[in-house]
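Subject: Structure handover

Hello,

Here is the structure for you to look through. My notes come after it.

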Amino acid sequence: MAAKSFEELNTCTSDAVLFTSDEPFHFVRGGQIDHVQVRYETYGTLNEAKTNAIFICHALTGDAHAAGIRQGDTKPGWWDSMIGSGKPVDTDRFFVICPNILGGCQGTTGPSSLNPATGQSYGLEFPILDMQDFVTVHRRLVAHLGIDKLLAVMGGSLGGMQVLQWALSAPQDMHAALIIAASSRLSAQNIAFSAVAREAIMRDAGFSDGHYLEKDTSPDTGLSIARMMAHITYTSEGALWNKFGRDPQNEDLTPGFGVDFAIESYLQHQAETFLDRFDALSYIYLSRVMDYFDAFSSPQASAKIAEHPIPTLVCSFTSDWRFSSSQSKRMVARLERAGVPVTYRDIDAGVGHDSFLLSIPQYEDLIRAFLNRSFEEVVR
């Protein structure tokens with residue numbers, strides 16, 4: 001696998017085959033596959049010393065398209081508030097990398113990809129994923145790009161969990177880590193939400209035991225329900241009330257079992273648009289990774305980062321009840337115990353878990369200051 005040349009690294013979308021039959025990918029929980037392709041996007045310019053790279057890890061339903069700043073790009077990025085010229089992750093200063101995650105459905109190998117051994121999609125025969133599997137592929141991508149050490153690795157939600165795992169297992173890969181709206185292990189309530197979402201998908205007749213692509217069916221109903229429920233958990237009660245209250249969808253509110261309230265119409269719209277961009281198998285596989293993640297379960301979990309402590313920012317939001325501030329504080333305590341220099345901020349925001357995706361001045365100022373400090377320490 002040849003590394004990218006310096007001239008090839010700029011704002012672009014690319015595919016990279018990182019594992020082949022000559023060097024298959026071995027999953028932490030067992031199993032292997034002979035082909036791993038990763039879709040990734042880059043923004044900005046890598047400096048000659050290759051010291052200004054920031055790696056972005058996306059959340060459960062994210063993808064490589066973190067920012068809509070490529071030439072001719074008309075599609076918004078999922079983190080446009082954060083990444084771009086003059087923004088906290090300033091593409092005039094930083095070289096930004098964002099891949100679609102292993103197991104995803106936007107250009108990276110996942111359970112809906114073709115299994116060369118059968119000529120059909122992997123389906124439920126795709127190996128069970130672990131957070132460390134994501135990190136292994138991320139590290140291989142960084143090597144493919146010819147970068148020895150990242151300025152920072154950052155992400156929110158599932159992305160923040162990836163950052164934590166990476167910082168614990170290979171802190172030497174980065175100068176700094178930013179963990180946003182995340183947790184070192186899910187609560188029972190979080191696991192319960194994910195369980196219901198997966199049940200909705202897998203009990204849909206259109207799921208066809210995971211081989212809906214071959215049978216030309218689709219678990220649209222189950223995936224829609226999973227998305228509607230998840231979307232409720234990503235916001236706060238106050239935010240939903242302020243936006244919708246008990247407003248009727250139509251002027252004449254006649255009791256029945258249709259879409260009568262504005263909030264119902266909103267959730268239905270979220271579900272419908274989700275079907276156009278996400279795959280049911282990726283949803284069940286990626287959500288399951290989060291259930292089993294328990295970063296500090298091993299007594300040796302903090303050994304590497306204790307030997308190589310890196311500046312770490314942990315950020316939570318006051319109204320986030322899905323990944324609560326208490327979960328971030330627990331993470332901070334474990335990192336501080338290992339001697340890691342941690343900066344922790346609990347941002348006052350009223351829109352729930354999705355706050356990490358939005359433009360909130362205090363939050364953006366925090367990210368900008370932390371990254372600029374890292375830049376000044378490393379690059380200059």
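Ground rules. This is a predicted model, with local features needing pLDDT of at least 70, side-chain atom pairs counting only at pLDDT 80 or more, and totals for chains, interfaces and linings using all residues. Residues are numbered from 1 along each chain as its sequence is written, and side-chain values use heavy atoms, with hydrogens and water left out.

Domains

The domain assignment gives domain 1 as 12-186 + 293-379 and domain 2 as 190-288. Such bounds come from an automatic or database domain assignment. The C-alpha centres of the two domains lie 26 Å apart. Domain 1 puts 33 residues into the contact and domain 2 puts in 31 residues. Contact here means heavy atoms within 4.5 Å.

The sheet

Helices (H or I, at least four residues) and strands (E, at least two) are DSSP runs, numbered from the N terminus. Two strands pair if DSSP finds at least two bridges between them.

There is an open sheet of 8 strands with mixed pairing. Its order is β1-β4-β8-β5-β11-β12-β13-β14. The edges are β1 (12-19) and β14 (342-347), each pairing on one side only. From one strand to the next, the twist averages 20 degrees.

Strands β4 (residues 36-43) and β8 (residues 95-99) run antiparallel and are joined by 4 bridges. Tyr43 has Val96 in β8 as its bridge partner.

Two helices go with this sheet. Helix α1 (residues 131-144) lies across β1, β4, β5 (53-57) and β8, at about 115 degrees to β1. Helix α10 (residues 361-378) packs on the sheet and touches β5, β11 (152-156), β12 (177-180), β13 (312-317) and β14. The direction of α10 makes about 175 degrees with that of β13. Axes are lines fitted to C-alpha atoms, for helices over the stretch in contact, and angles run from 0 to 180 degrees between N-to-C directions.

Helix pairs

Two sets of cut-offs apply here. Angles under 35 degrees count as roughly parallel, over 145 as roughly antiparallel, 65 to 115 as roughly perpendicular and the rest as oblique. For residue classes, Ala, Val, Leu, Ile, Met, Phe, Trp, Tyr, Cys and Pro count as nonpolar, Asp, Glu, Lys and Arg as charged, and the others, Gly among them, as polar.

α1 and α2. The axes of α1 and helix α2 (residues 158-169) come within 9 Å and cross at roughly 75 degrees. The two are therefore roughly perpendicular to each other. Among the α1 residues that meet α2 are Met131, Phe134 and Val135. The α2 side includes Leu158, Met161 and Trp166. By class, this contact has 7 nonpolar, 5 polar and 1 charged residues.

α4 and α6. Helix α4 (residues 220-234) packs with helix α6 (residues 262-275) at an angle of about 125 degrees, their axes 8 Å apart. That angle makes α4 oblique to α6. The α4 residues in this contact include Asp220, Leu223 and Arg227. Those of α6 include Tyr266, Phe274 and Leu275. The contact of α4 with α6 divides into 8 nonpolar, 4 polar and 2 charged residues.

α3 and α4. These helices pack at an angle of about 160 degrees, with axes 7 Å apart. That makes α3 roughly antiparallel to α4. Phe193, Val196, Ala197, Ala200 and Ile201 make the contact from α3. From α4 come Gly222, Leu223, Ile225, Ala226, Met229 and Thr233. The α3 with α4 contact has 9 nonpolar, 2 polar and no charged residues.

Backbone points

Lys50 is in the loop between β4 and β5. Its phi is near 55 degrees, a positive value in a residue other than glycine. Ser208 sits in the loop between α3 (188-202) and α4. Phi of Ser208 is near 50 degrees, again positive in a residue other than glycine.

Best wishes
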